[in-house]
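The exercises below each set a task and then work through a solution one step at a time. Please keep the sequence and the coordinates at hand while reading.

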Amino acid sequence: MKKKDSDFMRRVAEEVPEVNRCYQCLTCTLGCPLVFAMDLKPHEILKYVQLGDKEKVLKASTCWICASCETCATRCPNEIPIVKLMDLLRQEAVAEGVVTEQGPKVNDAFLAAIRNLGRVHELSLIIDLKRRTGGLFKIDPDEIRLGIGMFRHGKLKLLPIKIKETKTIKNLFSRLEKQK
Amino acid sequence: MKIGYFPGCSLESTAVEYDRSVRAVAAKVGVELIELPDWNCCGASSAHAVDPVLAVALPARDLMIAEAMGLDIAVPCAACFLRLMEAQKHLKEDPSLKKEIEETLGKKYKGTAKVYHPLTVFSQPAVKKKIKGAVVNKLKELKVVCYYGCYLVRPPETTHFDDPENPVVMDELMALTGAEVLDWAWKVDCCGAGHTLLRPEWVERLVGEIVEGARKAGAQGIVAACPLCQANLETRQKGKNMMPIFYFTELLGLAMGLKKEAEGWWKKHLISPRIIYNQAREPR
Ligand code: SF4
Ligand code: SF4
């Protein structure tokens, strides 16, 4: 791993100091709708973060499976902003290059669309995402049936809309990139 | 009453029937919606996962547009609604972030434009009274449950919407249509959101549980207030006898006599709202 464990712990301490309050009550995990697909459950992530086990938490699938539904954070008796922690883990995992899930590709496709047009054109987004994940030519009959259904019901707008001030949006993206 | 309108990307495509029915209902009850000129995407679930500054800057531009027009904003997509509310909160609480974003966008942010979901707009006592007076086609014999999903109610300290575990705003509006609104336990469960793009099997599982819950409660249809929730519940439902998923504005509109318009909305549904079709053609 590139950055030192202590750098990671410093960022956690700065952005989500509340993690230290976790007393493993499991409320987060019990209410999590996607826990069935996670390798480490939300309360386990909390424990390993407290222990400073950066490798374990960044390599876990948890933050990529988390749908940011906020159920855990709303119910946590210690008011720990768990989704903020998940966001931080996503950013650190990408920076460290240890991601094995497809989550970052969804975010990249989404943000590329906003950067170019200022809005997301759903049909282009789906095609771009299939391309990024290598699934463009994979034939899933269910998905194709769904696509045809959406098309027939006029739910897919064929041409994208571009906002006028795309320059402002592009400036915003490049400025943020430079700061990194 | 005049209010800015931020439709969001989905309402331009997969959720056109939501856009049309929000506009139709608003017009009927004297709420003038003024679409924010040149609005941009709020960044949805991606911006905050990648860069906290971007997650605030994108909605900030939209907030600034509304501010310049002296308008508050109605946001029909629950995800956009949360992103705009979150941005507002961060801009208020973090002066250095606010300064950075003002410099990048080249505009000042004052924080004068308030953000509401149309559920809240249509629940204002004066508007509710108008809705009540405009109902000409009671949706008798229709049994529904109201589905709120995640982003209207959570995180409660950001959205300030309603009770986060048992919201009733939509239930109360739907009761005005004459439909029987049933209580159920899946009001604020998660539909799997954006996972529908790459992991449809996860979303199918969550949607399956929600629809099963609605069926057990005795409902014939589910009412939604978010384009992502509606799309997931409609496109990821499996099996025979699939349950129609309505937008709350479609049922309001139908009850207020917008039958012709409603015919157009139903055509956009992948699961045919057969029950309602009958009501639309032969009001009892
Ligand atoms: S709900 Fe909060 S305190 Fe309980 S285990 Fe989860 S993070 Fe820890
Ligand atoms: S926010 Fe993520 S971790 Fe928390 S309950 Fe929802 S899916 Fe699970």
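Predicted model: local features only at pLDDT ≥ 70, side-chain atom pairs only at ≥ 80, totals over all residues.

## Exercise 1: two helices within chain A

Solution. Step one is the geometry: helix H8 (residues 103-117) of chain A and helix H9 (residues 122-132) of chain A pack with their axes 9 Å apart and at an angle of about 140 degrees. Step three is the hand of the crossing, which for H8(A) and H9(A) is right-handed. Step four is the list of partners: H8(A) brings A:Lys105, A:Val106, A:Asp108, A:Ala109, A:Phe110 and A:Ala112, and these meet A:Leu125, A:Asp128, A:Leu129 and A:Arg132 in H9(A). Divided by class, the residues of this contact are six nonpolar, no polar and four charged.

## Exercise 2: one helix of chain A against two helices of chain B

Describe how H11(A) is placed against H3(B) and against H5(B), and name the residues that make each contact.

Solution. In general, two packed helices are described by the angle between their axes and the distance between the axes. For the pair with H3(B), the axes of helix H11 (residues 166-179) of chain A and helix H3 (residues 52-69) of chain B come within 11 Å and cross at roughly 165 degrees. H11(A) and H3(B) are therefore roughly antiparallel to each other, and H11(A) passes H3(B) in a right-handed crossing. The contact involves A:Thr168, A:Ile169, A:Leu172, A:Phe173 and A:Leu176 of H11(A), together with B:Val53, B:Leu54, B:Ala57, B:Leu58 and B:Arg61 of H3(B). By class, the contact of H11(A) with H3(B) has eight nonpolar, one polar and one charged residues.

For the pair with H5(B), helix H5 covers residues 95-105 of chain B, and its axis and that of H11(A) come within 9 Å and cross at roughly 130 degrees. H11(A) and H5(B) are therefore oblique to each other. Here A:Thr168, A:Leu172, A:Arg175, A:Leu176 and A:Gln179 of H11(A) make the contact with B:Glu100, B:Glu103, B:Thr104 and B:Leu105 of H5(B). The residues of this contact divide into three nonpolar, three polar and three charged.

## Exercise 3: the surroundings of the ligands

Which residues come nearest to ligand 1, and which residues are around ligand 2?

Solution. Of the 14 residues around ligand 1, those that come nearest are A:Cys22, A:Cys25, A:Leu26, A:Cys28 and A:Cys76. H2 and H3 of chain A each supply at least two residues of that shell, and by class the shell has ten nonpolar, four polar and no charged residues. Around ligand 2 are A:Cys32, A:Pro33, A:Pro42, A:Cys66, A:Ala67, A:Ser68, A:Cys69, A:Glu70, A:Thr71, A:Cys72 and A:Val83. Its shell has eight nonpolar, two polar and one charged residues.

## Exercise 4: buried positions

Solution. Take A:Leu34 to begin with, whose place is in the loop between helix H2 (27-31) and helix H3 (42-50) of chain A. The relative accessible area of A:Leu34 is 1%, and buried means under 20%, so A:Leu34 is buried. Leaving aside neighbours within four places in sequence, A:Leu34 is in contact with A:Ile65 and A:Ala67, and also with B:His195, B:Trp202 and B:Leu206.

With a relative accessible area of 5%, B:Pro244 is buried. Not counting residues up to four places away in sequence, B:Pro244 touches B:Gln220, B:Gly221, B:Ile222, B:Ile271, B:Ser272, B:Pro273 and B:Ile275.

## Exercise 5: an enclosed helix

How many residues of helix H12 (residues 248-255) of chain B are buried?

Solution. Eight of the eight residues of H12(B) are buried, so this helix is largely enclosed by the rest of the structure. H12(B) is followed by B:Gly257, whose phi is positive, near 90 degrees.

Note on methods. Residues numbered from 1 in each chain as written. Chains lettered and ligands numbered in written order. Heavy atoms only, no water. Axes fitted to C-alpha atoms, helices over the stretch in contact; angles between N-to-C directions. Helix = DSSP H or I, 4+ residues; strand = E, 2+ residues; numbered from the N terminus. Parallel < 35°, antiparallel > 145°, perpendicular 65-115°, else oblique. Left-handed = near helix turned anticlockwise from the far one by under 90°. Contact = heavy atoms within 4.5 Å. Nonpolar A, V, L, I, M, F, W, Y, C, P; charged D, E, K, R; others polar. Near = heavy atom within 4 Å. Buried < 20%, exposed > 50% of the residue type's maximum accessible area, 1.4 Å probe, protein only.
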